[in-house]
Amino acid sequence: QLILPVTVPNISLYQALAWFLLVSCLFCWIMSLLTGNLSQVDRLWSILPTIYSAVITYYCVKEKGLEGSSVMVLMTFVTLLWGGRLTLQFFWKDGYTRDGEDYRWSYVRQTFAGRRIALQLFNLLFVVIYQNILLLLLVVPQVVMLSGNTRCDMTDLFTALTYLALVAVETLADNQQQVFQNTKYKLIAEEVERYGDYRAGFLRGGLFAYCRHPNYVCEVLLWWVFALFSLPRVGINWSLVGAANLTGLFTGSVDLTEQISSNKYPEYAEYQKQVPSYIPSLRMMTIK
């Protein structure tokens, strides 16, 4: 039996997760009130699931030992790689600065123009509470697995490789978009004549030639894959609710992004007609 060199309060797993959730909600709400920045949950998006996963794994190792908890360790490891990559990406985009707020919030504020209380209720209930709960729900497949076999097998390794492959594609898409945006705004600042996508204002090359939101697709799919760890052990179970809620949240986010882009870029409507939003067709992939 592995003896962990960490002393923690004598509380149950569910109490520990509840405390982390409560602290996170309070932090996000208070910081949004103090700074006026509504992207507080965005700043923790890549951090909290890894913390929750590590807490669950800790309790599993405490009960079953390291060898008996090997799949839990694997799940925390892949979550750590996902979270570390996304945290660095968010940092490079200046997301952790005081003014680092998602550009879409300005459009949300316009929707609540003149209704400050309604905006704050939306912030508290939907952004702070609901999205924090969602970040916990993403890793509950680990919770439902605790009562069964938590040793790693070949199926788990395949699932982990699929998860990491999606992380790699998401990384490529994010990087392509970031390089494009940096170059575009550099050309604008230098008042240089722009051509192609730089003139249109949005990226149509790379992975974005196959679908309009490849990074969002990968982000959603990798959490469905994460839930697959639980299926061979407990079958279809309630922990799929995390990935399902994320799918719904990202669908709404994409709809808002599409609306903004359509109003901002005259050529975006044609791009919408030519390129699918999520899943590229076989014909498109053959042509490309």
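Which residues in α3 meet which residues in α4? This is a predicted model, in which local features need pLDDT of at least 70, side-chain atom pairs count only at pLDDT 80 or more, and totals for chains, interfaces and linings use all residues. Residues are numbered from 1 along each chain as its sequence is written, and side-chain values use heavy atoms, without hydrogens and water.

Select α3 (48-64) and α4 (70-92); helices are DSSP runs (H or I, at least four residues) numbered from the N terminus. Pro 49, Thr 50, Ser 53, Ala 54, Thr 57, Cys 60 and Val 61 of α3 meet Met 72, Val 73, Met 75, Thr 76, Thr 79, Leu 80, Trp 82 and Gly 83 of α4, where contact means heavy atoms within 4.5 Å. The axes of α3 and α4 lie 9 Å apart at an angle of about 165°. That makes α3 roughly antiparallel to α4 (over 145 degrees, on a scale from 0 to 180 degrees between N-to-C directions).

Next, select α10, residues 214-228. Of its 15 residues, 12 are buried (under 20% relative accessible area, 1.4 Å probe, protein chains only). Among them are Tyr 216, Trp 223 and Phe 226. The cover over the buried residues of α10 includes α3, α4 and α12.

Finish with α6 (residues 116-137) and α12 (residues 241-264), whose axes come within 8 Å and cross at roughly 140°. In α6, show Phe 126, Tyr 130, Gln 131, Leu 134 and Leu 137; they meet Val 241, Gly 242, Asn 245, Leu 246 and Leu 249 in α12.

Methods. Helices (H or I, at least four residues) and strands (E, at least two) are DSSP runs, numbered from the N terminus. The expected span of a helix is 1.5 Å times one less than its number of residues. Buried means under 20% relative accessible area, exposed over 50%, partly exposed in between (1.4 Å probe, protein chains only). Angles under 35 degrees count as roughly parallel, over 145 as roughly antiparallel, 65 to 115 as roughly perpendicular and the rest as oblique.
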